[in-house]
Each structure stands twice: as C-alpha cells, then as structure tokens.
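The following report describes the secondary-structure elements of one chain and how they are arranged. The sequence and the structure come first.

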Amino acid sequence: MLARQRQNTILEMIADQGSVRVATLVRKFGVSDMTIRRDLEVLAGQGLIAKVHGGATSRDGSSTEEPGFVRKSGLQAAEKEAIARRAAAMVAPNSAIALSAGTTTWTLARQLVDVPGLTVVTNSIPVADVFHQSGRSDQTVVIVGGVRTPSDALVGPVAVAALRSLNVDMLMLGVHGISPRVGFTTPNLLEAETNHALVRAARRLVVVADHTKWGLIGISTIAQLGDADTLITDTGVPQEAREQLGEHIEDLVVVDPVEPASS
C-alpha cells in the first residue's frame, strides 16, 4: 500500500472512530512504528488531524473550522492542478458557468481564462480576480454580493437573492468534505446556504475535490452524493472510497496528479 493510500485509510478510521492508536495502525498495516508516526506527522501538518500521545484524534471543532484561503492554497497543489485541467476540458466556449469559492475552483479559473465568450458567475473574490486580471473583453464575470468568509467567499442573504434570478449551464463546486453518510459539506453555515443557491441555478453539478476531502465532515451539508452529475478527484482516493462514490455518482473521474499535462 502506498503512503498516500495508507494515510487516507487512517483519515477514514479517525473520521469513523474519533481517534486511533499507533499500535493499532502498526498491526493493521504491517509497517513499522516509525512509518505510522511519519504518516501522522504528514496528516497533522496538513491540518487534518491532531497528534496526541500514542496516536491521533480528529481535530477539535473540525466540523466548523474554516481554514483561510492562503493556508489552503498551498495544499495538494499537484492534485488540484490535475483536477482543474480535467474540469476545464468540460467547459465549452460561449457557455455560462458558476464557480464556487475555494482553492480548487481558483486553480480551475486559471485554466479557464482562455475560453472565449465565457460567462462566469461566482461568489469567490479570488476567482473573480483571476478573470479580471486576464483582461479579456469577451468574458463576463458576475460577482454576487454578501458577507466575506475566511475562505474569501461572499455568502449570506444578499448572495442567495442574487443567485435566485440566475441560470447557468454548469456549476463547478468545491467542497470542504465528502462523506457517504452526509454528502458534500462545508464548515460555514452561510456558505452552505449560498452553495445551495448555486446548485439550484445550475443544470449540471460538477464537484471538484482532491482526495483529502474524503472522510471530512463539515457542519452543514451542501448536497448529497447523488446530486452530483460528475465528481472529479485524484488517485489518492482509496479503492473502497471509489466504490462507495461510484454507487451514487454516475460519472466519477479520477485523475493522476503526476501525469503530465497535454501539450
């Protein structure tokens, strides 16, 4: 088993049990104590777990903790780039799309600046800035208003009211967590409400989320797994998770972050 697969299994165990012990993980995976401790160091360094004496636990308040945009943008960069490339290939010229807030959708925005005639609806300040800085006169960016969150999203009643009158071909949705039990989630209640409005405005829902989102649960559900037409993730998602996702989502796309981009 690769280290990334082992770490994802550890995350699933912590999400299910609340905590794990090093000795238990050593027996389960048949690896050394040092290997498990390195895995826990990696996961703790990504802010996904809390290390304790003899093991690890879920982070206190993790269902409502919302990391800032800058902190999140440096994590899983290769995975996000690969996901963004695949998602960008789904966007046709002269179409109307929505991009939710998040670092994966921000990465996707940078892949979309050369798509002609694009209309983009977004509640993300960084996403809007990407298109503004490109300076293309044939692209239209609609920014909903609202209250700014730590992830630089605009949320709340103003954003929801603006989205009620809009219709787009496709929504590219970034999420905080994915769980077979509660679906796609966020740690911000107001952002969940705004994302609900984005989902309702779109004819097609495409979720873009790297493997570290599997097993994480935010306080509020945005949508159930079966609501997504497509989920684009990466090869770090363990096989068991892929099988569970495939039971709910018709189009499950798994990209390889080390695969070179097409020239």
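The account begins with helix H9 (residues 189-201), which lies across strands S11 and S13 and runs at about 10° to S13. The model is a predicted one, and the description below should be read with that in mind.

The two strands that H9 lies across belong to an open sheet of three strands, arranged in the order S10-S11-S13 with antiparallel pairing. The edges of this sheet are strand S10 (177-179) and strand S13 (220-223), each of which pairs on one side only, and the twist from one strand to the next averages 40°. Strand S11 (residues 183-186) is joined to S13 over three bridges in the antiparallel sense, and within this pairing Thr185 has Thr221 of S13 as its bridge partner.

The bridge partners named for individual residues are collected here.

| Residue | Bridge partner | Strand of the partner |
|---|---|---|
| Thr185 | Thr221 | S13 |
| Ser19 | Thr57 | S3 |
| Ile49 | Ser58 | S3 |

Turning to helix packing, helix H2 (residues 22-29) and helix H3 (residues 33-45) pack at an angle of about 115°, and their axes are 9 Å apart. H2 is therefore roughly perpendicular to H3. The crossing in which H2 passes H3 is right-handed. Which residues bring the two helices into contact? On the H2 side they are Val22, Leu25, Val26 and Phe29, which meet Asp33, Ile36, Arg37 and Leu40 of H3.

Helix H5 (residues 77-88) consists of twelve residues and reaches 16 Å from its first C-alpha to its last, a span close to the 16 Å expected at 1.5 Å a residue.

Note on methods. Residues are numbered from 1 along each chain as its sequence is written. This is a predicted model: local features need pLDDT of at least 70, side-chain atom pairs count only at pLDDT 80 or more; totals for chains, interfaces and linings use all residues. Side-chain values use heavy atoms; hydrogens and water are left out. Two strands pair if DSSP finds at least two bridges between them. Helices (H or I, at least four residues) and strands (E, at least two) are DSSP runs, numbered from the N terminus. Axes are lines fitted to C-alpha atoms, for helices over the stretch in contact, and angles run from 0 to 180 degrees between N-to-C directions. Contact means heavy atoms within 4.5 Å. The expected span of a helix is 1.5 Å times one less than its number of residues. Angles under 35 degrees count as roughly parallel, over 145 as roughly antiparallel, 65 to 115 as roughly perpendicular and the rest as oblique. A crossing is left-handed if the near helix is turned anticlockwise from the far one by less than a right angle, and right-handed if clockwise.
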